[in-house]
Protein chains: 2
Amino acid sequence: MQKIAMIGFGNVGQGLADILIRKRAELKRRHGYEFKVVAISDFRLGSVYQAEGINLKRAIDAVKKKGSLEAYRGGEKGWDALRTIRDCGADVMVELAYTDLSTGQPAIDHCKAALRQGMSVVTSNKGPAALAYPALNRLARKNDASFLIEGTVMSGTPVLNLAMNDLAGNEFKSISGILNGTTNYMLTEMEKGMSYDDVLAKAQKLGYAEADPTGDVEGIDAAGKVCILANMFMNAKMKPEDVRRRGITRLKPADIEMAKKGGKRWKLIGAVKRRKNGDVDASVKPVMLPLDDPLAGVMGPTNAVTFDTDLLGKVTVVGPGAGRVETGYSILVDLLAIERSRS
Amino acid sequence: MQKIAMIGFGNVGQGLADILIRKRAELKRRHGYEFKVVAISDFRLGSVYQAEGINLKRAIDAVKKKGSLEAYRGGEKGWDALRTIRDCGADVMVELAYTDLSTGQPAIDHCKAALRQGMSVVTSNKGPAALAYPALNRLARKNDASFLIEGTVMSGTPVLNLAMNDLAGNEFKSISGILNGTTNYMLTEMEKGMSYDDVLAKAQKLGYAEADPTGDVEGIDAAGKVCILANMFMNAKMKPEDVRRRGITRLKPADIEMAKKGGKRWKLIGAVKRRKNGDVDASVKPVMLPLDDPLAGVMGPTNAVTFDTDLLGKVTVVGPGAGRVETGYSILVDLLAIERSRS
């Protein structure tokens, strides 16, 4: 019986809770996986600790109907994140707290506190992953715990676990991918003839792009993911600002047209390569791909990554890059991996 | 220290041995993985048993230069497959023996013998996987052993381990893919304007197609893989002959032209679907795919599979479908998985 603490109970946390409710019987039957969520602590929504296991449906109801976990009947209230981590006795902390992407806080401190006491950590939070993966992974190993972050790159689409386990033993010559769904959607639409500004307005209307689209269109989001890939798989010790970065804002209809005429297609590609001298080179920039490149056919908000390996050549995985359920699922698959490794 | 017995030492076996030689130091350093091959037994090439570990380089040399493992200095000779399995004391048997695809023998008997004594089995041999997966997997579980078969579908490209572990918790609505490289190469060339007969001759010249191409062009090879996917992931109890099957032999240039005009492309698609009544429907047949289907852009001998899942939607993996090194690697990645699960 895996005991789970959830730090953060926003969109992804509730998405995970929905999946756990819906799949409980099936997970037990098909994977022998049993769990209870013993604590939830959210900076805005309050907290509840209940050793016998929180009723997730009632927890969601409390938040949806009353706006706070304080409305949940039963359990102990008022524990902040660090108190929860210290006292809840969970095997795994799921870290989904709102996080400042420039400092990675408070998520990094939450991860450290959990790992130091031998509690495994699962997170889809890009802060700790992009800014502190090497240190947190070391801390996990030292304390015989796991630090799993599948959801930080392409939500639940298997990218990190695939590279770590299913491609183990390969050396990666390069890793390159479409790591941001918003910009890939925009490029797909621009190819149909819309201007950059019109496409951006449409993406904002559809909820793909935020009011301030900088993080997406300037490649900042993709650069964070490139950084994660470099540190996990090329043994780099890189910060997101070390990634050379150019977004899609300067792409004009004439550029799109030129690519089309040459049988090519623009994609915003995040890439990590090992140079001959052993250094790791990381970049995000628009690239004109030939149409037979496995990444060229990836359209709309879909994401994809190609691993160029020494033993298998190129292996590409294509799937969703974001979403409430998809990211919630990324947490579940890491919880299952921890359970497998412990049993 | 994982102790390995190899039953079969042909192309794939020697490919695996090459990788193990080349990667030994790196596997220890990066994955903490140490191994020794304590026995090799091949129906045609003889056998050697050596408890302290066979020198793989010398074993390959013996076969390449003298045509037989009998020329290997040291160790005990003359053990057949079943004696080897019984007496070599390995933790894992790698089953790569030549196998009759209609009966799965002698590979199935080798697998049973190993699993019954709690020895894990790794194989890229389609016989046991397509004809006896449910029974062999049950036998493995009963004896606390593993039965891993990544190499049976798309060689070392992660398909089965991906679906089993990295997509765990999902329900598969359907699985469909390009599961045969020869026919995909042929369709790619036919699209450039060559006739079926000319393309077949070229594929045979390049070594992609065999003198008797029936297994590839009639979809028999793909049907075996569809059967494996159905039994592993949809809980079916299917034989390859239960797969509805039509090959590419009746595709005419006019068909190719018609697809092109409609913005589509022919692919030989192996597919498993769950029907509304719960039954599993399995087929191999040429399908006209719209160009924005993730499988449509997969050209040449490359393979790909799309999993349509309840939580993530569609996830596609694209990579090599065959090859000596690629299939040798499929064995290594399963050996690493067994080591991970034991440590």
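Reply: Happy to! Let's begin at A:Val94, which touches A:Ile4, A:Ala5, A:Met6, A:Ile7, A:Leu16, A:Val122 and A:Ile331, leaving aside residues up to four places away in sequence. Here, two residues are in contact if their C-beta atoms, placed from the backbone, lie within 7 Å.

Before going further, a word on what you are looking at. This is a predicted model, in which local features need pLDDT of at least 70 and side-chain atom pairs count only at pLDDT 80 or more, while totals for chains, interfaces and linings use all residues. Residues are numbered from 1 along each chain as its sequence is written, and chains are lettered from A and ligands numbered from 1 in the order in which they are written.

Back to A:Val94: it belongs to the largest nonpolar core, which has 232 residues. Along with A:Ala5, A:Val226, B:Ala5, B:Val94 and B:Val226, A:Val94 touches the most other members of that core. Such a core is a set of buried Ala, Val, Leu, Ile, Met, Phe, Trp, Tyr and Cys residues joined through C-beta atoms within 7 Å. A residue is buried if 20 or more other C-beta atoms lie within 10 Å of its own, exposed if 12 or fewer, and partly exposed in between, with C-beta atoms placed from the backbone. In chain A, buried residues make up 56% of the 343 residues.

Now step back to the domains of chain A, whose bounds come from an automatic or database domain assignment. Domain 1 covers 2–157 + 324–342, and domain 2 covers 169–319. Their centres, taken over C-alpha atoms, are 29 Å apart. Where the two meet, ten residues of domain 1 of chain A are in contact with 15 residues of domain 2 of chain A. On the domain 1 side, these divide into seven nonpolar, two polar and one charged. For this count, Ala, Val, Leu, Ile, Met, Phe, Trp, Tyr, Cys and Pro are nonpolar, Asp, Glu, Lys and Arg are charged, and the others, Gly among them, are polar.

Finally, look across to the other chain: the contact takes 36 residues from chain A and 35 residues from chain B. The chain A side divides into 21 nonpolar, ten polar and five charged. Helix H1 (11–31), helix H6 (160–166), strand E13 (313–319) and helix H12 (324–342) of chain A each supply at least two residues to that side. Helices (H or I, at least four residues) and strands (E, at least two) are DSSP runs, numbered from the N terminus.
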